[in-house]
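Here's a quick briefing to read with the model open on your screen. Have a look at the fold first, then go through the points below.

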Amino acid sequence: IPEPKGELAIRVVAMPKDTNPSGDVFGGWLISQMDLAGIVFCRKIAKGPITTVTIDSTTFKEPVFVGDTLCCYVSLVKIGRTSITTFIEAYINRDFEDTRIKVTEGEFKYVKLDENRRPTPINP
């Protein structure tokens, strides 16, 4: 069983409404869950509002099916003046088993925002 990097930031069950016309889970749903995990992780660091600015190099390795439990793990890559770069891995648990299957990964970058929704420095 592969070991994920980082901390578990979100866990959710894929539902029928999340599927594409082929019957497996829509890739956009998977990316949105990863993005939410990154937001949960980065808000603790930024101590304020953030927004997603880039999502890089995401490859779908395995399909996700209705009933799979998706777990998104987030690790810190770097903190810039106004930005936080993370590495997010998505794994599933299928059919009540303890097996963990890596379905995708990617680098997500977030920026801290001020009250005018402009980038603002992250104070360590």
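Accessible areas here come from the Shrake-Rupley method with a 1.4 Å probe, and for residues only the protein chains shown count as cover. On that basis, the accessible surface of the chain comes to about 7,000 Å², and 53% of that belongs to carbon and sulfur atoms. Bear in mind that this is a predicted model: local features need pLDDT of at least 70, side-chain atom pairs count only at pLDDT 80 or more, and totals for chains, interfaces and linings use all residues. Residues are numbered from 1 along each chain as its sequence is written, and side-chain values use heavy atoms, with hydrogens and water left out.

**Overall build**
- The chain has one helix and five strands; helices (H or I, at least four residues) and strands (E, at least two) are DSSP runs, numbered from the N terminus.
- Starting at the N terminus, the elements go β-α-β-β-β-β.
- The radius of gyration is 15 Å, close to the 14 Å that the globule rule gives for 124 residues, so the chain is as compact as a globular protein of that length. That radius is taken over C-alpha atoms, and the rule is 2.2 Å times the number of residues to the power 0.38.
- Along the principal axes, the C-alpha atoms fill a box of roughly 45 × 30 × 20 Å.
- Of the 124 residues, 40% count as buried (buried is under 20% relative accessible area, exposed over 50%, partly exposed in between, with a 1.4 Å probe and protein chains only).

- The five strands form an open sheet in the order 1-3-4-5-2, with antiparallel pairing; two strands pair if DSSP finds at least two bridges between them.
- Strand 1 (7–13) and strand 2 (50–56) stand at the edges with a single partner strand each, so one side of each has no neighbour in the sheet.
- Strand 1 pairs with strand 3 (residues 69–79) over six bridges, in the antiparallel sense.
- L8 sits opposite Y73 in strand 3.

**The helix**
- Helix 1 (residues 27–46) lies across strand 1, strand 2, strand 3, strand 4 (83–93) and strand 5 (101–112). Contact means heavy atoms within 4.5 Å.

- Most residues other than glycine have a negative phi.
- K47, in the loop between helix 1 and strand 2, has a positive phi of about 55° although it is not a glycine. K47 is exposed, with a relative accessible area of 68%.
- R117, in the segment after strand 5, isn't a glycine either, yet has a positive phi of about 65°. R117 is exposed too, at 58% relative accessible area.

Technical notes:
Axes are lines fitted to C-alpha atoms, for helices over the stretch in contact, and angles run from 0 to 180 degrees between N-to-C directions.
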